[in-house]
Amino acid sequence: MIPTILTGASVYDIECFPNMLSVHIAALDAPLAWHYRIDPWRDDRQALLGWLNHQRMWQRPMIGFNNVGYDWIIVQHLMMNPLATPEQLYAVSQNIFASQQAERFGLTIWASDRLVPQVDL
């Protein structure tokens, strides 16, 4: 049984390349999964943003490994900049890695500023 606080929660992971953003999501409490891509051949951003806004509206947690330090920074950037290209998202990704060398938490989006609650494993 899933704790009430995790009702509607999803587990997710992203991959970010110079020409593609890939987001895979699986529901924690149901046999449902979604896969979204933004690349030159397929652009699922409207569906992805719709799903993310649903999670935001209901404040349903998203769970991931190091998501607070990486994945969520890119996803929230996309939510705030819905026309961002894969190249621009990749630049955010590279900026995260560069900032971790200089300042470990420099780009962290603190819990009070996150559009959707995050659980970092």
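Which strand is the place of V119? That's strand β5, residues 118–120, and the close-ups below, all from a predicted model, start there.

View 1. V119, the β5 member, has a relative accessibility of 31%, so it goes down as partly exposed.

**View 2. W34 and W51 as a tilted aromatic pair.** Searching the whole structure turns up two aromatic pairs, and here's one of them: the W34 and W51 rings sit 5.7 Å apart, centre to centre, with 50° between their planes. W34 belongs to strand β3 (residues 33–38) and W51 to helix α1 (residues 45–58), so the pair ties together parts that are 17 residues apart in sequence. How much cover do the two partners get? W34 is partly exposed, at 26% relative accessible area, while W51 comes in at 10% and counts as buried.

**View 3. Q76, a buried residue in helix α2.** The helix spans residues 67–80. Leaving aside residues up to four places away in sequence, Q76 touches I109, D113, R114 and L115. With L115 there's a polar approach to look for: a polar atom of the Q76 side chain lies 3.0 Å from the L115 backbone nitrogen.

Technical notes:
Residues are numbered from 1 along each chain as its sequence is written. This is a predicted model: local features need pLDDT of at least 70, side-chain atom pairs count only at pLDDT 80 or more; totals for chains, interfaces and linings use all residues. Side-chain values use heavy atoms; hydrogens and water are left out. Helices (H or I, at least four residues) and strands (E, at least two) are DSSP runs, numbered from the N terminus. Buried means under 20% relative accessible area, exposed over 50%, partly exposed in between (1.4 Å probe, protein chains only). Rings of Phe, Tyr and Trp (its six-membered ring) pair if their centres lie within 6.5 Å; planes under 30 degrees apart count as stacked, over 60 as edge-to-face and the rest as tilted. A polar contact is a pair of N or O atoms within 3.5 Å; within protein, one must be able to donate a hydrogen and the other to accept it, and residues adjacent in sequence count only if both atoms are side-chain atoms. Contact means heavy atoms within 4.5 Å.
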